[in-house]
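I am opening my notebook on a structure that is new to me. I will look things up one at a time and write down what I find.

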Amino acid sequence: MPALSPDALKDQLARSPLAPLYVVYGEEALLALEAADSLRATARQAGYLEREVLTVEGGYFDWSRLRDAMSSVSLFASLKLLEIRIPGGKPGVEGAEALQQLAANPPQDTITLIQLPKLDKTQQKAKWFVALEKHAVLVEARPVNRNDLPAWISRRLKAQGQSVAHDSAAFFADRVEGNLLAAKQEIDKLALLYPKGELSLADIRDAVANVARFDVFHLSESWLAGDTARATRMLDGLEAEGEAPVLVLWSFTEDVRMLIKLGRGLKEGRQVRDMAGELRLWGDKQKLATPAVQRIGPRRLTDALAACARIDRQIKGVEQGDAWHSLKRLAASLAAR
């Protein structure tokens, strides 16, 4: 069955009976933790008072412990919550078999929660995950992207009786982008500092710390979208965090080359979807790439590739100039409309 979001899980837990098997997985640790906490709280209220946790760590785990946990009967409580944590996402051959058996025949009077990290496509096609997908309630904790972050902040504030205008939510998002745990902490802080009701932009400015964290692998989304301010802000953040400029340059170089190849393919009459695999165009980048090619054009892309070579020489110390300054000029050039 399709994976639920953590918010959708909360709704389901409020209106539907508990299922025997849940799987929480995904990249966003805060949302995965909150989903697991929601399930624990609901199970506790429903009388599942005993809790047993099995953690699969390292290269070896005794999977007979799972069989024992599935068959054991408590002397103190008739209902149990069994948690299986696999932080590496790889149960191994014996574990894969055990999970398939668990999915096909979950223990009675037990709710089982399996916690996994982000899984790649190969892992999601493995027999053990397919079996879980068939029988369990799946919950995927996906990252909240920049476009969705203001709405996410507004929903969280609304839940504690506060609200903000759109521009205030956007300012808030700029302060906490890439750091969802910090965003939650800042939202919690606002509940302590201000009464219920609408918060002004001045309130947000005064209270919300600048705790944004940026990922070099998401940098291209800003200049592909033509957002010069965001691209500059991300580069400032990466520089402040001590990111290696060579990694940032690699990101620019790879994506400029990708756009050049995409432009050639489009000129030959090929479709973006047919080139997605060879160009590694997935998610938001696939939607942004074609408009970016049309906006930037082949001459500017060729100039950008030459700029990448010049920045590489600056990083190596064989050409004068500040690499970070040059990277910011390159981003502004690529983002310009």
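How do the axes of helix α1 and helix α2 cross, and within what distance do they come? I note at the outset that this is a predicted model. I looked up helix α1 (residues 6–15) and helix α2 (residues 29–45): their axes come within 9 Å and cross at roughly 10°. Angles under 35 degrees count as roughly parallel, so α1 is roughly parallel to α2. Next I listed the residues that meet. From α1 I have P6, L9, K10 and L13; from α2 I have L31, A35, S38, L39 and T42.

**Strand β1**

I turned to strand β1 (residues 21–26). Is this strand enclosed or open? Six of its six residues are buried, so the rest of the structure largely encloses β1. I checked each face in turn. L21, V23 and Y25 are buried on one side, and Y22, V24 and G26 are buried on the other.

Which strands pair with β1? I found strand β4 (residues 110–115), which pairs with β1 in the parallel sense over four bridges. Here L21 stands opposite T112. I also found strand β5 (residues 137–141), parallel to β1 and joined to it by five bridges. On that side, Y25 has E140 as its bridge partner.

**Nonpolar cores**

I then asked where the nonpolar residues gather. In soluble globular proteins, nonpolar side chains tend to be buried together. The largest nonpolar core in this model has 39 residues. Those with the most contacts inside this core are W223, V248, F252, L259, L262 and L334. I wrote down the elements that give two or more residues to it: α11 (219–224), α12 (228–240), α13 (245–267), α14 (272–279), α15 (283–316) and α16 (323–335). Helix α15 gives the most, with nine residues.

Leaving aside residues up to four places away in sequence, F252 touches L219, W223, L235, C308, L327, L330, A331 and L334.

There is also a second, separate core, of 38 residues. I noted some of its members, including A19, Y22, V139 and V164. Y22 was already in my notes as a buried residue of β1.

**K80**

My last entry is on a lysine. Is K80 buried or exposed? I found K80 in strand β3 (residues 80–85). Its relative accessible area is 4%. Buried means under 20%, so K80 is buried. What does its side chain meet? A polar contact of 3.2 Å joins the side chain of K80 to that of E52.

Conventions
Residues numbered from 1 in each chain as written. Predicted model: local features only at pLDDT ≥ 70, side-chain atom pairs only at ≥ 80, totals over all residues. Heavy atoms only, no water. Buried < 20%, exposed > 50% of the residue type's maximum accessible area, 1.4 Å probe, protein only. Polar contact = N/O pair within 3.5 Å; in protein donor to acceptor, adjacent residues only side chain to side chain. Core = buried A, V, L, I, M, F, W, Y, C linked by side-chain atoms within 4.5 Å. Contact = heavy atoms within 4.5 Å. Pairing = 2+ DSSP bridges. Axes fitted to C-alpha atoms, helices over the stretch in contact; angles between N-to-C directions. Parallel < 35°, antiparallel > 145°, perpendicular 65-115°, else oblique.
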